[in-house]
Amino acid sequence: MKKFKVFLAVSLLSFVLIALAQRSFLVIGTGDANGVYYPVGGIISRIVNGIATNYSRLTVEVTAGSVENIEGLNVGGFDFAIVQSDVAYQAYHGEGDFTGRPIEVLRAVIALHPEPMHLICHQDAEIASFRDIKGKAINIGVEGSGIRRTVLDMLAAFGMSLSDLQAFSLGISEARVKLAEGGLDCFFYSVGVGSIAVKDTATLTPIKLIPLDDPELEALAAQYPYYVMATIPAGSYYRVDQDVRAFGVKALLASTTDLNSNTAYFVVKGLLENIDILQARHPSLSAITKESLLEGLSIPLHSGAIRAFKEASLVKP
């Protein structure tokens, strides 16, 4: 935890320095280069930059993910960021990693793709459902990660806690190696369908993807605005031959009230008018629609986004 806090402090300092610098571009905080946020951020930037005239161009930056991205938005290091819907909710309301310091300037720009929780287990592990992880060696994500926060909520829904597991707190790269070596039975990974990291794991290690559609999880999704149920289609990964229903979150493109309203309007308008490009460029975006860009929002919409959606007759005036 100390290492994470030091890293976060250094990261925040770099964000402040970026914010103070004069620049002619806008930055989107994304995630790991092997994840989904980074390529999706690149797709968004290419669409917007392709139609930009009087607006600053967008560029993407690799980050540690949702928590870091929101911290970056809060200090002005990022203009936009891709974040998990549950982490955004907690930041806005001052909960979770943001307890006691609500970030009320946080705003949603659009909702993106569902991020089903992948429970990836070694084929030899005697696990067929969520309840079967009790007593097993399970990676739940690093301290401060959105994945870990979601797993804790899932455990609570089943009346379980970390003490019921042999819990590991590893990054995705370490977890993949440990699973292959037999040191883990499973790892949790909340990510858009088509993640390179999951594809590589499925190719190199005999795995099974566990369904997460238990009544307890369905109820959890119904209880909170930031949780959703989603489907991981058959064929998404090697050895996954059937659709897998899973609990998860949504990815949001977020900003703050500091972002110029016209800029937010221009970005949303551009994405709405090029929805076909979004759908075609990454598997995680293939099922999105203009309507789904407003589904699963867990924080208020930016005023510029509201204007663009109203023009497209997608929200009531």
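Student: Which residues is Leu 119 in contact with, leaving aside its neighbours within four places in sequence?

Tutor: Contact means heavy atoms within 4.5 Å. By that rule Leu 119 meets Ile 133, Cys 186, Phe 187, Phe 188, Lys 208, Leu 209, Ile 210 and Leu 212, once its neighbours within four places in sequence are set aside. Leu 119 sits in strand β4; helices (H or I, at least four residues) and strands (E, at least two) are DSSP runs, numbered from the N terminus. One caution for everything that follows: this is a predicted model, where local features need pLDDT of at least 70 and side-chain atom pairs count only at pLDDT 80 or more, while totals for chains, interfaces and linings use all residues. Residues are numbered from 1 along each chain as its sequence is written, and side-chain values use heavy atoms, with hydrogens and water left out.

Student: Is Leu 119 buried or exposed?

Tutor: Buried means under 20% relative accessible area, exposed over 50%, and partly exposed in between (1.4 Å probe, protein chains only). Leu 119 has a relative accessible area of 0%, so it is buried. Its C-alpha lies 9.5 Å from that of Ile 138, a residue 19 positions away in sequence.

Student: How far can I trust the coordinates?

Tutor: Look at pLDDT, the predictor's confidence in each residue, from 0 to 100. The protein chain has a mean of 89, with 90% of its residues at 70 or more. Confidence is lowest in helix α1 (residues 2–20), at a mean of 44, and highest in β5, at 98. Over residues 2–22 the value stays under 50, and the model has 22 contacts beyond four places in sequence for that stretch.

Student: What does Asn 139 touch, not counting residues up to four places away in sequence?

Tutor: Asn 139 belongs to strand β5 (residues 137–139). With those sequence neighbours left out, it touches Phe 168, Ser 169, Leu 170, Ala 175, Leu 184, Cys 186, Phe 187 and Phe 188. A polar atom of the Asn 139 side chain lies 2.6 Å from the backbone nitrogen of Leu 170. Asn 139 counts as buried because its relative accessibility is 2%.

Student: How many residues of helix α4 are buried?

Tutor: Helix α4 (residues 85–93) is mostly covered, with 7 of its 9 residues buried. They are Ser 85, Asp 86, Val 87, Ala 88, Tyr 89, Gln 90 and Ala 91. Among the elements covering them are α3 (66–75), β3 (80–84), β4 (106–122), α5 (146–157), β9 (227–232) and β10 (244–256). Take Ser 85, which lies in α4: it counts as buried because its relative accessibility is 0%. Beyond four places in sequence, Ser 85 touches Tyr 226, Val 249, Lys 250, Leu 252, Gly 296 and Ser 298.

Student: How do I describe two helices that pack together?

Tutor: Two packed helices are described by the angle between their axes and the distance between the axes. Axes are lines fitted to C-alpha atoms, for helices over the stretch in contact, and angles run from 0 to 180 degrees between N-to-C directions. Here α2 (residues 37–51) and α9 (residues 261–273) pack at about 100°, their axes 10 Å apart. That makes α2 and α9 roughly perpendicular (65 to 115 degrees; under 35 is roughly parallel, over 145 roughly antiparallel, the rest oblique). Ile 44, Ile 47, Val 48 and Ile 51 of α2 meet Phe 266, Val 267, Gly 270 and Leu 271 of α9.

Student: Which side chain makes a polar contact with the side chain of Thr 231?

Tutor: A polar contact is a pair of N or O atoms within 3.5 Å; within protein, one must be able to donate a hydrogen and the other to accept it, and residues adjacent in sequence count only if both atoms are side-chain atoms. For Thr 231, the partner is the side chain of Arg 245, at 3.0 Å. Thr 231 lies in strand β9 and, at 35% relative accessibility, counts as partly exposed. Its C-alpha is 5.7 Å from that of Val 244, 13 residues away in sequence.

Student: And what about backbone angles?

Tutor: Most residues other than glycine have a negative phi. Arg 239, in the loop between β9 and β10, has a positive phi near 75°. Ser 313, in the segment after α11 (303–311), also has a positive phi, near 60°. Arg 239 is partly exposed at 33%, whereas Ser 313 is exposed at 63%.
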